[in-house]
Amino acid sequence: MRGGRGLLAAPLALYLLVFLAYPTVHAVKLAFTDTVAGRFPSLESFRVLAADPLFGRALAGNIVLPLCTVALELASGLALALLHASRLPARRLLRAVVVLPFALPEIVFLAAMRWVFTARGYANAALGTAGIGPVDWLLPGRPLTYAVVVVVDAWHTTPIVFLMLLAALAAIPEEIGEAARLDGAGPMRRLLHVTIPLLGPALAGALLLRGIDALRVFATPLVLAGVEGVPVLSTYAYHQWSDYGNDGAAAAAGCVLALATVAASLPLLRRRAEAAR
């Protein structure tokens with residue numbers, strides 16, 4: 001019986017070994033190798049990162065973008081879920097419209113968004129009809145460019161939060177809200193003291209899922225603003241590998257991103273476990 005179970009698990013174990021364990025070990029070894037002198041272990045790749053101003057910007061971007069994106073997703077997802085749960089006549093249409101961006105392939109969605117925010121895109125065309133001059137939405141390094149990246153990334157992934165919170169709202173018994181209403185609680189008090197506390201586990205799950213995933217953001221800043229327009233650690237690693245051929249610096253940046261992801265996920269996992277008790 002145990003041999004049969006081991007045989008069933010063998011394909012998964014082989015897959016994890018080939019596509020996860022080996023690349024991870026190889027990347028860590030490469031990060032601590034001086035690719036010029038061939039020395040191992042060496043911190044030369046990390047010295048290259050510390051001396052590069054773009055790495056500092058990428059590290060800051062990997063803090064600012066996930067924080068802003070996840071906060072916007074949670075607020076938007078909660079608002080849309082509450083709106084859908086209010087039994088609007090067109091709630092099925094609302095659900096379809098909200099989920100549509102996530103249903104599109106990411107590269108298709110981002111290509112469309114880049115066309116919207118280019119100098120001759122739809123955003124400036126709409127401003128032109130209102131008599132407002134064109135705006136440089138995607139000028140590298142500007143706060144407006146960061147804001148555009150945050151909004152586009154949140155728009156693409158808010159459906160995940162929306163569906164999680166919508167399912168959690170459907171699981172709340174209507175009798176609880178009705179009892180609070182009979183006790184004299186208004187809509188805002190019912191929301192703050194009844195609905196949101198009951199949504200705590202779902203909110204924690206959405207924060208954990210999207211928080212970890214947001215740290216790995218790659219395609220959105222790369223497609224919209226380029227490597228140096230809105231740098232993050234993943235695009236910085238890609239930049240070092242593809243443009244400079246510096247495998248060691250790319251692997252070192254990947255290790256920093258992995259450590260940051262683990263460090264950020266541990267408190268979220270702890271809170272998730274406490275909320276599940």
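In which helix does Phe-19 lie? I open with that question as a way into the model, which is a predicted one. Phe-19 belongs to helix α1, which covers residues 2-31.

Is Phe-19 buried or exposed? Phe-19 counts as exposed because its relative accessibility is 58%, and the cut-off for that class is over 50%. Phe-19 also takes part in a nonpolar surface patch of about 830 Å².

I turn now to the salt bridges. How many salt bridges does a search of the whole structure find? The search finds four, and I shall describe three of them.

We may begin with Glu-73 and Arg-210, which form a salt bridge whose closest N and O atoms are 2.6 Å apart. This pair joins distant parts of the chain, since Glu-73 sits in helix α3 and Arg-210 in helix α10, 137 residues apart. Both of these residues are buried.

Arg-210 has a further partner, Asp-213, and here the closest N and O atoms are 2.5 Å apart. Both Arg-210 and Asp-213 are found in helix α10, with a separation of three residues, or about one turn of the helix. How do the two residues stand with regard to the surface? Arg-210 counts as buried because its relative accessibility is 2%, and buried means under 20%. Asp-213, by contrast, has a relative accessible area of 29% and is therefore partly exposed.

Asp-213 in turn forms a salt bridge with Arg-216, the closest N and O atoms lying 2.4 Å apart. Taken together, Glu-73, Arg-210, Asp-213 and Arg-216 are linked in a network of salt bridges.

The largest pocket has a volume of about 740 Å³. Its lining consists of 19 residues, and those nearest the centre are Ala-85, Leu-169, Glu-174, Gly-177 and Thr-195. Two or more lining residues come from each of α3 (53-85), α7 (143-170), α8 (174-182) and α9 (187-198). Which element gives the largest share of this lining? That element is α9, with six residues.

For the second largest pocket, the largest share comes from α3, which supplies seven residues. How many charged residues does the lining of the second largest pocket contain? There are no charged residues in it; the lining is made up of 14 nonpolar and two polar residues.

Thank you for your attention.

Terms used:
Residues numbered from 1 in each chain as written. Predicted model: local features only at pLDDT ≥ 70, side-chain atom pairs only at ≥ 80, totals over all residues. Heavy atoms only, no water. 1 Å grid on protein atoms, 1.4 Å probe; cavity = no way out; pocket = protein on both sides within 12 Å on 5 of 7 lines; lining within 4 Å. Points joined across faces, edges and corners; volume = space filled by probe spheres on them. Helix = DSSP H or I, 4+ residues; strand = E, 2+ residues; numbered from the N terminus. Nonpolar A, V, L, I, M, F, W, Y, C, P; charged D, E, K, R; others polar. Salt bridge = Lys/Arg side-chain N within 4 Å of Asp/Glu carboxyl O. Buried < 20%, exposed > 50% of the residue type's maximum accessible area, 1.4 Å probe, protein only. Patch = residues over 30% accessible without salt bridge, like charges linked within 9 Å, V, L, I, M, F, W, Y side chains within 5 Å. Areas by Shrake-Rupley, 256 points an atom, 1.4 Å probe, with all protein chains shown as cover.
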